[in-house]
Amino acid sequence: MHASQTITPAATLTTPVLLLMAVATGLCAGSNYFNQPLLHSIAVALNVTDATAALTVTVSQLAYALGLLLFVPLGDKLERRSLASGLMLLAAAGLFISGYAASFSTLVIGTVLTGLFSVAAQTLVPMAATLSAPQRSGRAVGLVMSGLLSGILLARSAAGLLSDLGGWHTVYRAAGCMMVALALALWYVLPASRNPVSMSYGQVLRSLLALAARHPRLRSRTLVGALTFASVSVLLSSTTLLLSGPGFALGDSQIGLVGLLGVAGAMMASVAGRLNDKGWGLATSAACLLLLLVSWGALRLGLASLPWILVGTLLIDIALAGVHIGNQGVIYQLDPQARSRINAVYMTGYFAGAATGSALGSLAWQLAGWRGVCVAGAALGLMAGAALWHDYRLARSR
């Protein structure tokens, strides 16, 4: 066994280290969402239409999904601390390119690089599970995932505020500096960790299909996650269009502040992790999917009422966090020696769902406005419920 495996989880992943991992995962994931409240400002600055600027949302999520497929499985092959820190430094390079972009094409290049390499976040999550005691892995994953989800939600708020202070470029420049600092900090505090089973890169990639074929619940939970995040992404891709329009006429910082509500929702990740440790994962997932449908009812009422938008945003963020942690609680137990690859399969589907939801949200907005957005989001939520029912039947059959 590799020497790094002799370090006990209790000695390596203290709460401060987990908190640092949570901050790092939050910044990595959030880096792909800075553009959402800035779309109009980017369009004006780079002389493109709002619809063209909105393409960066889909591009970032597709790049992230590709990075999940290509780089996250390496967590089962390479030394994990080096992999996470190295990917973060490359993501910082993408942020700096975006931060100094003078044309839309340069911004797209920076967005693609950031999306590809910010998957460092998804190398840290299975590390939290691997390096924690089995009876506390749910808590560890939940804490790190709270950071990831908070990062996605806070990214919109931070981007809006920084844009008002120093322009939209400032957001990317500041994030690039933070990314470098966190990469170095993680290199310093994390223990060396490597999968004792040696595999070639080709074997790693081929094994992804084998794992998906071998584990029916990996397929079912990936589908649940993809449909849930697609439903939420319908909202994320269209909220800015509604709130910046004539009905509300909010600025970048005001739109960004709406995202602060989601931080309370992100705290659900930690609660859901503890519920998973107690065996309540499936019930929690079901309750959160019901909450997802309720949130779309509230959002439908928000066409001319900001309070209903705020209520719906809070509920949908709680639902997303609860379902996601429930999914990870299932998949990480399927094959502990292949957690990075299993996470890659799941998260590739998860963010492919996000990209699909973003595209559907934009299309629904163009065809039927906010009402169309709410119908699309609710329909995806119902499909996620059907997928969870299928997963429940699989669990019962076992």
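Mentor: On a 1 Å grid over the protein atoms alone, a pocket is an open set of points with protein on both sides within 12 Å along at least five of seven lines, and a cavity is a set where a 1.4 Å probe fits but cannot get out. Lining residues have an atom within 4 Å of a point. Grid points are joined across faces, edges and corners, and a volume is the space filled by probe spheres set on the points.

Trainee: What volume does the second largest pocket have?

Mentor: About 280 Å³. This is a predicted model, where local features need pLDDT of at least 70 and side-chain atom pairs count only at pLDDT 80 or more, while totals for chains, interfaces and linings use all residues. Residues are numbered from 1 along each chain as its sequence is written, and side-chain values use heavy atoms, with hydrogens and water left out.

Trainee: OK, the largest pocket. What is its volume?

Mentor: About 600 Å³. It is lined by 35 residues, and the closest to its centre are Ser137, Gly329, Tyr332, Gln333 and Arg339. The lining has 12 nonpolar, 16 polar and seven charged residues.

Trainee: Which helix gives the most to it?

Mentor: α16, with five residues. Helices that each supply at least two residues include α8 (137-166), α16 (306-331) and α17 (339-397).

Trainee: How many cavities are there of 30 Å³ or more?

Mentor: Four. The largest cavity holds about 100 Å³ of space. Among its 11 lining residues, Arg156, Thr239, Thr240, Ile255 and Val258 lie nearest the centre. α11 supplies the largest share of that lining, four residues.

Trainee: Switching to helices. How do α5 and α9 cross?

Mentor: The axes of α5 (residues 80-99) and α9 (residues 168-189) come within 8 Å and cross at roughly 165 degrees. That makes the two roughly antiparallel. Axes are lines fitted to C-alpha atoms, for helices over the stretch in contact, and angles run from 0 to 180 degrees between N-to-C directions. Under 35 degrees counts as roughly parallel, over 145 as roughly antiparallel, 65 to 115 as roughly perpendicular and the rest as oblique.

Trainee: What residues make up the contact of α5 with α9, by class?

Mentor: 16 nonpolar, six polar and two charged.

Trainee: What about α10 and α17?

Mentor: The axes of α10 (residues 201-214) and α17 come within 9 Å and cross at roughly 70 degrees, so α10 is roughly perpendicular to α17.

Trainee: Last one. Is asparagine 47 buried or exposed?

Mentor: Exposed, with a relative accessible area of 71%. Buried means under 20%, exposed over 50%, and partly exposed in between (1.4 Å probe, protein chains only). Asparagine 47 lies in the loop between α3 (39-45) and α4 (50-70), and its phi is near 60 degrees, a positive value in a residue other than glycine.

Terms used: Ala, Val, Leu, Ile, Met, Phe, Trp, Tyr, Cys and Pro count as nonpolar, Asp, Glu, Lys and Arg as charged, and the others, Gly among them, as polar.
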